[in-house]
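Trainee: I would like to learn how to read a structure like this one. Please take me through it one feature at a time.

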Amino acid sequence: MASDSGRDDFIIAIRSAFLKKGNRQKFSLFTLIVISILVLSLEYFKSGPVDKFRSITKDLIFKGSFFISTPFVYINKNYYKLKDHLEMYEEYKLLKQKNYNLESLSNENKFYKTEIKKLNNLIAEENIYSKNYLLSKVLLDQQSPYLKSVIINKGFKHGIKLGVAVKDKSYFVGKIVNVNVFTSRILLASDLNSKIPVIIEPSGINAILSGKGNNNFAELEYLPKNNNLKNGDVVYTSGVDGIIASAIPIGKVFINEENKYVEFFVDLNQLQFVKINY
Amino acid sequence: MTKIKKQKIFISLIQSFPLILLFFLAFTGFDLNFFIFSNSFSFNFIYILIFYWILKKPDRLGYGLIFLAGIINDVVQNFPIGISSINYLILCVIAAFIRNRTLVPSLLYDWILFLIAILIVSSVNYSILTLVFSFPIKYGTLMISSFITFLIFPILTKFFHLINIIELKEQNAK
């Protein structure tokens, strides 16, 4: 008898939790869970009016999020500004030590560019990637250990395509993973789900650059067993996937015990404007 | 502005605090994270917020608004739209169930039940994301995040409790 009444109480409590609306509730939890499942099932429609509606909704939410985040973006920007300011003297000393000869480097660069052009003509290599790019402003900076992405203010109305490379100055930042009407999402190279085919120079070894959730570096995977990588080797996009343009510099190799990492050239915490190939 | 009017504004602000915080967290994707030995850890603030307020004062957070916050969170965090709403609503069901069954509330009791609740929610989240959407999500990271959320629960509960007390004091003063 006692166990029967206990079971009845249990069932009543569950039923009440699912169906009771409460004083100021307009919907029961059961109704809302059913609606959520229906909304979730709409994810299967990747085109047509559902997709258009989803794109517009995302645009609106991103704009709202942009306005709400404005004070925090301002604080964040000023924090990095102050940090840069405080580190200026140290940086100056470091640059002085390095003693760059910019003129000779520039001439060397010109020479290599002409050489590459000649060699490409010799092997009849065609550049399949567009040299056109769009300059875009970063609207939202989504940075957490599980998600490293930014939202930009250009979408398919501006000609943005899925999967293309995104650069800051001339350095690789990430790729486009989501395109809406007026906004797009860039998955940064540091994201846990980011896998970029790369080539390491001067050895010419191909590998995959895998994000580790840290904005300073990423790890090199699928390297040949007997590789002779050294600290300071430069990593470029290889372009073997046919979507991301080749030869975009990403960072420098640094070796830590058994693992090989790449330190990014770009500070992924401070992106304000980016360039997108289209 | 008269003193009564100021007090009224203050009370309504305190009363809508959980709702403001919920939408702020959803819109900004604000993820409180901290570093221990150069490893980054984060916890899910929204889970604690929803669980506490549905358990203690369910009229402060409307279920419909929780659903909407879930949709916003999905868009901002790049999840399939609707998944966070399901998570939050399951958390609401568990909190409402605990509320119906609890005679003498205690922090320890709530804390242990919160662990069970987030384990259920995380399991549902992981199952839907991996089985239905083949979404790349690491089980280890999800579990660490859930565990840290569980550890932080008493601290935030104390903070929310303090807000509750301020509200009661203001209402009594009226």
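Trainee: Leaving aside its neighbours within four places in sequence, which residues is B:Ile50 in contact with?

Mentor: Two residues are in contact if their C-beta atoms, placed from the backbone, lie within 7 Å. With sequence neighbours up to four places away set aside, B:Ile50 is in contact with B:Leu61, B:Ile66, B:Tyr88, B:Leu91 and B:Cys92. Keep in mind that this is a predicted model, where local features need pLDDT of at least 70, side-chain atom pairs count only at pLDDT 80 or more, and totals for chains, interfaces and linings use all residues. Residues are numbered from 1 along each chain as its sequence is written, with chains lettered from A and ligands numbered from 1 in the order in which they are written.

Trainee: How many residues does the largest nonpolar core have?

Mentor: The general idea is that in soluble globular proteins, nonpolar side chains tend to be buried together. A nonpolar core is a set of buried Ala, Val, Leu, Ile, Met, Phe, Trp, Tyr and Cys residues joined through C-beta atoms within 7 Å. Buried means 20 or more other C-beta atoms within 10 Å of the residue's own, exposed means 12 or fewer, and partly exposed is in between. Here the largest core has 84 residues, and B:Ile50 is among those with the most contacts inside it, as are A:Leu209 and B:Phe51. Helix α5 (residues 83-101) of chain B gives the largest share of this core, eleven residues. Domain 1 and domain 3 of chain A both contribute residues, so the core lies between them.

Trainee: How many residues of each chain take part where chain A meets chain B?

Mentor: On the chain A side there are 40 residues in contact with 37 residues of chain B. Among the elements giving two or more residues to the chain A side are α1 (2-19), α2 (29-41) and α3. The largest share of that side, nine residues, comes from α3(A). (Helices, H or I, at least four residues, and strands, E, at least two, are DSSP runs numbered from the N terminus.)

Trainee: At what angle do α3(A) and α4(B) pack?

Mentor: Axes are lines fitted to C-alpha atoms, for helices over the stretch in contact, and angles run from 0 to 180 degrees between N-to-C directions. Helix α3 (residues 48-86) of chain A and helix α4 (residues 63-77) of chain B meet at about 90 degrees, and their axes are 10 Å apart. That makes α3(A) roughly perpendicular to α4(B); angles of 65 to 115 degrees count this way, under 35 as roughly parallel, over 145 as roughly antiparallel and the rest as oblique. A:Thr57, A:Lys58, A:Ile61 and A:Ser65 of α3(A) make the contact with B:Ile72, B:Val75 and B:Val76 of α4(B).

Trainee: How do α2(B) and α4(B) pack?

Mentor: Helix α2 (residues 17-28) of chain B packs against α4(B) at about 20 degrees, with the axes 8 Å apart. That makes α2(B) roughly parallel to α4(B). Residues that meet include B:Leu19 and B:Phe23 in α2(B), and B:Leu65 and B:Ile72 in α4(B).

Trainee: Is A:Arg185 buried or exposed?

Mentor: A:Arg185 is buried, with 22 other C-beta atoms within 10 Å. A:Arg185 sits in strand β5 (residues 184-188) of chain A, and its contacts beyond four places in sequence include A:Ile151, A:Val177 and B:Asn78.

Trainee: What is phi of A:Lys169, and which bond at A:Pro202 is cis?

Mentor: Most residues other than glycine have a negative phi, and most peptide bonds are trans. Phi of A:Lys169 is near 55 degrees, a positive value in a residue other than glycine. A:Lys169 is exposed, with 11 other C-beta atoms within 10 Å, and belongs to the loop between β3 (165-168) and β4 (171-179) of chain A. The cis peptide bond runs from A:Glu201 to A:Pro202, with omega near 15 degrees. A:Pro202 lies in the loop between β6 (195-201) and β7 (205-211) of chain A.

Technical notes. Domains from an automatic or database assignment.
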